[in-house]
Amino acid sequence: MTLAVVLLAAGHGSRMQSKKQKVLHEVGGKPMVQHVFEAAAAVADLKPVLVVGPGEEGALRLLGDAASYVVQKERLGTGHATLAARDLLRGRAEQVLVAYGDMPLLRAETFRRLAATQAEEGAAIAMLTVMGDPDSTFGRVIRDGSGRVAEIVEVAEAHLREDTEAILATRELNVGVYCFDAPWLWEQIPNLPLREAREGPEYYVTDMVGLAVAQGRAVEAVVVEDADEGLSAGTREELATVEKAFRRRANEKWLSAGVTLVDPDATYIDPDVTIGQDTVIWPNTYVQGTSVVGEECMLGPNSIIRDAEIGDGCRVPHAVVENVTLAAGTEVAPFTHLDESS
């Protein structure tokens with residue numbers, strides 16, 4: 001089946017208290033939207049589509065011709081943003097996967113699993129869920145007696161219901177990532193109800209679940225194993241949480257690959273870095289950009305390695321090394337700054 005991916009990236013980011021477009025804030029050394037885009041591009045049969053706001057060309061400059069773009073001329077919610085992609089995609093794909101540009105921990109494998117579930121079950125919607133904290137502000141996934149998804153209840157709505165406590169105690173949470181049967185999506189999305197929101201009336205893509213259930217169409221939930229994939233960053237506090245989770249994932253990868261991190265919580269490794277076996281990295285060390293580090297090196301403490309090539313057996317304590325190639329066995333003196341680009 002032909003799969004299209006729509007990334008919603010038109011949010012103001014006003015809660016970030018920033019002049020920068022929200023999805024351009026960095027996690028792991030890259031703008032958030034770039035991480036999500038790379039995962040989307042790995043699974044999509046068409047160029048991923050970015051839905052952006054008027055005058056927000058930052059994502060366009062970042063991704064260039066690798067993406068297609070549509071402009072959400074009025075910010076009327078996630079359902080309205082998804083609808084903005086209809087003219088571009090209708091008739092070109094059998095499945096449409098919708099995700100957010102501020103969720104940089106989403107994996108391509110998760111997108112594949114979601115799309116496969118929708119196709120295999122013939123569902124109107126396959127949606128990602130996580131088992132999370134009862135105090136979460138995410139919408140609750142309510143299932144019927146047969147275990148099928150019956151509805152999504154937002155926290156604000158839950159407080160208006162008689163079964164408030166039971167709803168809020170539900171641990172299955174809606175991540176907000178969906179794979180739709182494309183013809184059904186484009187036919188039904190104009191029927192979304194208009195809801196009152198904090199910044200004015202909006203159409204919510206979440207309400208597509210209610211439309212499907214009302215029509216007797218299947219809604220399948222795919223529980224994502226790594227709950228960190230459900231993290232998004234709408235505030236600076238959330239951005240810090242996402243960054244920490246991203247670093248934790250990266251460091252676990254290198255520990256499994258035979259690299260020693262003396263203090264993983266104080267080690268910062270960008271995603272495009274390569275590190276050889278039996279290298280030891282001491283605390284407060286940053287390995288950034290596209291750096292390549294050989295085997296049996298010692299980096300740090302308190303070092304920055306940026307876009308450098310470090311040969312086997314090098315020692316770089318208390319130093320900054322960027323845009324440099326070090327021959328095997330090189331020992332850099334402490335408090336040195338090497339930069340061949342300057």
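**View 1. Pairing of strands β17 and β20.** In this predicted model, strand β17, covering residues 280-281, runs parallel to strand β20, residues 298-299, and the two are joined by two bridges. Across this pairing, isoleucine 281 lies opposite leucine 299 of β20.

**View 2. The four-stranded sheet that contains β17 and β20.** The sheet is open, and its four strands follow the order β14-β17-β20-β23 with parallel pairing. At its edges are β14 (260-261) and β23 (315-316), each of which pairs on one side only. As background, the strands of a sheet pair through backbone hydrogen bonds, in either a parallel or an antiparallel arrangement.

View 3. Valine 262 belongs to the loop that links β14 to β15 (267-269). Apart from neighbours within four places in sequence, valine 262 contacts Val280, Ile281, Trp282 and Pro283. Glycine 294 is 32 residues from valine 262 in sequence, and the C-alpha atoms of the two are 18 Å apart.

**View 4. The five-stranded sheet.** Five strands in the order β15-β18-β21-β24-β26 make up an open sheet with parallel pairing. The edge positions are taken by β15 and β26 (337-339); each has a single partner strand, so one side of each has no neighbour in the sheet. Ignoring direction, neighbouring strands of this sheet are turned against each other by 5 degrees on average.

**View 5. Pairing of strands β15 and β18.** Edge strand β15 pairs in the parallel sense with β18, residues 285-288, over three bridges. Isoleucine 269 is placed opposite valine 287 of β18.

View 6. Serine 303 sits in the loop between β20 and β21 (304-306). Its relative accessibility is 0%, which is under the 20% limit, and serine 303 therefore counts as buried. The side chain of serine 303 comes to 3.0 Å from the backbone nitrogen of histidine 318. With residues up to four places away in sequence left out, serine 303 touches Asn284, Thr285, Tyr286, Val316, Pro317, His318 and Ala319. Among them, Thr285 and Tyr286 fall within β18, and Val316 within the edge strand β23.

Conventions:
Residues are numbered from 1 along each chain as its sequence is written. This is a predicted model: local features need pLDDT of at least 70, side-chain atom pairs count only at pLDDT 80 or more; totals for chains, interfaces and linings use all residues. Side-chain values use heavy atoms; hydrogens and water are left out. Two strands pair if DSSP finds at least two bridges between them. Contact means heavy atoms within 4.5 Å. Axes are lines fitted to C-alpha atoms, for helices over the stretch in contact, and angles run from 0 to 180 degrees between N-to-C directions. Buried means under 20% relative accessible area, exposed over 50%, partly exposed in between (1.4 Å probe, protein chains only). A polar contact is a pair of N or O atoms within 3.5 Å; within protein, one must be able to donate a hydrogen and the other to accept it, and residues adjacent in sequence count only if both atoms are side-chain atoms.
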